[in-house]
Amino acid sequence: MKTRFNGPFVVPVRDIVRHPGEMREYQITVPLAERWGEGIVTFDAGTEVDLDVRLESVHEGILVSGTADAEYSGVCGRCLTEIVRPVEVEFQELFAYPGEEETDFEVQDNHVDLEILVREAAVMALPFQPVCQPDCLGLDPVTGERLTESAGVEADAPIDPRWSALQQITDQGSTADRRAPENTEES
Ligand SMILES: [Zn+2]
């Protein structure tokens, strides 16, 4: 491709401009020069955005559609655990040929710049209330520890009353023998 890319999200359209019906597809990976997003999860600078882009020449301009895959990172909104999640977003926009009407998206000098289009779609996909897992219980208001972890650990089961009677009998035997039946059952 002879066309020079003038920016990370700039895609050449020289060979399909004014040729309605022509179509090109590109796979592009763009590392972000700056952070995208403002919330507690964002796309950090350096995050790689994988783009699958389809460019279709139509009478009015170039119809751009595709998907962007990237990982956002930040913290769980409930327990503050660090999280990294993949997300895929779709985008579509008509980049019009320069004309009478000013538009946000225009074909410029035989290329289209997808940055604003992809950025808006990606930032919109960021969750407002990210969680490390759907049933995250958050932090214990007293201890400040994660409730999710402590809830997963079962307390030692009380000795079955039926074993208690046996235990009294085996108390006459060695200490090691006493816990044998319980261990066998649980392992
Ligand atoms: Zn959490």
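Student: Which residues is Leu 114 in contact with, leaving aside its neighbours within four places in sequence?

Tutor: Two residues are in contact if their C-beta atoms, placed from the backbone, lie within 7 Å. Here, Leu 114 is in contact with Phe 9, Val 11, Val 53 and Val 64, once neighbours within four places in sequence are left aside. Bear in mind that this is a predicted model, where local features need pLDDT of at least 70, side-chain atom pairs count only at pLDDT 80 or more, and totals for chains, interfaces and linings use all residues. Numbering runs from 1 along each chain as its sequence is written.

Student: Which members of the largest nonpolar core touch the most other members?

Tutor: A nonpolar core is a set of buried Ala, Val, Leu, Ile, Met, Phe, Trp, Tyr and Cys residues joined through C-beta atoms within 7 Å. Buried means 20 or more other C-beta atoms within 10 Å of a residue's own, exposed means 12 or fewer, and partly exposed is in between, with C-beta atoms placed from the backbone. The largest core has 22 residues, and Ile 62, Val 64, Val 112, Leu 114 and Val 118 touch the most other members. At least two residues of this core come from each of β4 (48-58), β5 (61-75) and α1 (115-124). β5 gives the largest share, 5 residues. Those elements are DSSP runs numbered from the N terminus: helices are H or I, at least four residues, and strands are E, at least two.

Student: And Asp 109, is that residue buried or exposed?

Tutor: Exposed, because Asp 109 has 12 C-beta neighbours inside 10 Å. Asp 109 sits in the loop between β6 (82-96) and β7 (111-113), and its phi is near 45 degrees, a positive value in a residue other than glycine.
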